[in-house]
Amino acid sequence: MNRVLWVTLLSFLSFGCSVPAPHSKAQLSYGGHLFAIPANASVILSTGGEENILILRYGAAKGERYLGFSDMAADRSLDLGCRPSAFFAAVFADGVDTGCNKEGINAFQKMFVDAKGTGVWSGEKLTVYYSISDDHSFLFTFDKSGKAFKIDTDFLTKNDLKDLVSGAL
């Protein structure tokens, strides 16, 4: 009887004191850079083509818990008036005169800067401007060769996003 009690008690203590494993990560190569994305996406969609859109969904609900990557150079609707890296530096640096489309800068500031958590992460390979809110976050990334792409999500936190890009910086 004592033996059964000890086995039961030890089993209870081992389960009760267990620490959950950290979130698992997978490596994703996009735009020539490696990103540490959450593992176990339930759906992966790639449109290919010029826009090179890649969407990963983490869950069963359509349109929720997604992580998207897209090539900004292929977006013909953007009228920046200058190089994308200069435009986004002006958007996030607030007031830097770059000769870019001033109306576009103002519109992007209203959408991505006002009432958002913003800033920049820089490294040897990438510069990343971030716009983070509770329900939708964006990373605008630029590398030394001029590649520009956007990463957006509706569920990752600022720390998650920093972890996602830190190896690519």
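Rings of Phe, Tyr and Trp (the six-membered ring of Trp) are counted as a pair if their centres lie within 6.5 Å, and the planes are called stacked when under 30 degrees apart, edge-to-face when over 60 and tilted for the rest. By this criterion the structure holds 18 aromatic pairs. The model is a predicted one, in which local features need pLDDT of at least 70 and side-chain atom pairs count only at pLDDT 80 or more, whereas totals for chains, interfaces and linings use all residues. Residues are numbered from 1 along each chain as its sequence is written, and side-chain values use heavy atoms, with hydrogens and water left out.

**View 1. The aromatic pair of Tyr 30 and Phe 149.** The ring centres of Tyr 30 and Phe 149 are 5.4 Å apart and their planes stand at 70°, so the pair is edge-to-face. Because Tyr 30 lies in strand 1 (residues 25–30) and Phe 149 in strand 9 (residues 148–153), the pair ties together parts that are 119 residues apart in sequence; strands are DSSP runs of E with at least two residues, and helices are runs of H or I with at least four, numbered from the N terminus. Tyr 30 is buried, with a relative accessible area of 6%, and Phe 149 is buried at 2%, where buried means under 20% relative accessible area, exposed over 50% and partly exposed in between (1.4 Å probe, protein chains only).

**View 2. The aromatic pair of Tyr 129 and Phe 142.** Tyr 129 and Phe 142 form an edge-to-face pair, at 6.0 Å centre to centre and with 65° between the planes. Tyr 129 belongs to strand 7 (residues 126–132) and Phe 142 to strand 8 (residues 137–143), so the pair ties together parts that are 13 residues apart in sequence. Both Tyr 129 and Phe 142 are buried, and both belong to one aromatic cluster that includes Phe 138 and Phe 140 as well as Phe 87, Phe 88, Phe 92, Phe 108 and Phe 112.

**View 3. The packing of helix 2 against helix 3.** Helix 2 (residues 84–93) and helix 3 (residues 102–112) pack at an angle of about 55°, with their axes 9 Å apart; the axes are lines fitted to C-alpha atoms over the stretch in contact, and angles run from 0 to 180 degrees between N-to-C directions. Phe 87, Phe 88, Ala 90, Val 91 and Phe 92 in helix 2 meet Gly 104, Ile 105, Phe 108, Gln 109 and Phe 112 in helix 3, contact being heavy atoms within 4.5 Å.
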